[in-house]
Amino acid sequence: ADGVFYSKPVSKPATKIKSVENLTYAVYLPGGSALAYTAVTGKSDPELKEGFAEIHLIANGKDTLLMKRSAKLLRPLSDGSLLAIRIDKVNKSKENHKSYTGKLVRLSTAGKTTDLCTVTGTGEMFLAVRGDSKKALLVCYAAGTYKPAAGNRRGKPSEQCYEVDLATGKVTLVANTEKINYAIYSPSGKHVLMQTDDNLIVTDAAFKVRTTLATDGAAQVGGFGQSTDAYPGWYDETTIYYLRKDKVYGSNCVNMHLTLVDVKTKA
């Protein structure tokens, strides 16, 4: 989809900043004075023979290209840099399943990258950062020295959850028992919300105590033609929100309710 960025000061008319084609993600940097976004370029990369997202920075009225061949998600860090995934290689299995290998990188606003660890997964690898910017969660096939799990009968590996120490680049496998869509830190970082298929699970920071809060979460909206990922999230430290699938007799569509769940009481 295309996107348009506006500046809207309080009590003043909005000012158009920039129109962006094939916009995939956008996020403010700390303080809100700059905006980073990813957008898929219409040009094929000369080395990998495929089009990828690029990371741009909008600051002081100027749009600057920071990094080519990016995965679609990126996250701001507390020091003003960005956490992103650079794609370096396209892989195809004998079953013709495609994946990408690259690096999780720290990206400065000047476009300088620092490699943290190796990553392999789809182009939509999920990425989340803890509130103190010391650790990150990656949902992908493999990270660091870990190898992808054995593929299913169609050759597709299962996506697993890894935690990365952003100071050292050390990777730890923290969840691999089922298909994982997302993994998101609570505001304090003491808990993690994971969505596995339709199930919403909350764990402690050590990923040892697991509590299932819901079994009817919508991972995507749509399905006939285009579909859009439906992210659950933390409303506050003790409450999550998600789109709940609601069965309605006689309806051909999927009905959903925006729902809040108390992590402690499950109400």
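**View 1. Residues around the second largest pocket of the predicted model.** The lining of the second largest pocket is made up of 14 residues. Those nearest its centre are Ile17, Tyr28, Gly32, Ser33 and Leu35. The volume of the second largest pocket is about 240 Å³.

**View 2. Strands that contribute to the second largest pocket.** Two or more lining residues come from each of these elements: strand E1 (3-7), strand E4 (34-40) and strand E5 (53-59). With three residues, E1 gives the most to this lining.

**View 3. Residue classes in the lining of the second largest pocket.** Eight of the lining residues are nonpolar and five are polar. The lining of the second largest pocket has one charged residue.

**View 4. The largest pocket and the residues closest to its centre.** The largest pocket has a volume of about 870 Å³. It is lined by 24 residues, and Glu124, Tyr182, Gln220, Asp229 and Tyr231 are the closest to its centre.

**View 5. Strands that contribute to the largest pocket.** At least two lining residues are supplied by strand E3 (23-28), and at least two by strand E21 (227-229). The largest share of the lining of the largest pocket comes from E21, which gives three residues.

**View 6. Residue classes in the lining of the largest pocket.** Ten residues of the lining of the largest pocket are nonpolar. The others in this lining are seven polar residues and seven charged ones.

Conventions
Residues are numbered from 1 along each chain as its sequence is written. This is a predicted model: local features need pLDDT of at least 70, side-chain atom pairs count only at pLDDT 80 or more; totals for chains, interfaces and linings use all residues. Side-chain values use heavy atoms; hydrogens and water are left out. On a 1 Å grid over the protein atoms alone, a cavity is a set of points where a 1.4 Å probe fits but cannot get out, and a pocket is an open set with protein on both sides within 12 Å along at least five of seven lines; lining residues have an atom within 4 Å of a point. Grid points are joined across faces, edges and corners, and a volume is the space filled by probe spheres set on the points. Helices (H or I, at least four residues) and strands (E, at least two) are DSSP runs, numbered from the N terminus. Ala, Val, Leu, Ile, Met, Phe, Trp, Tyr, Cys and Pro count as nonpolar, Asp, Glu, Lys and Arg as charged, and the others, Gly among them, as polar.
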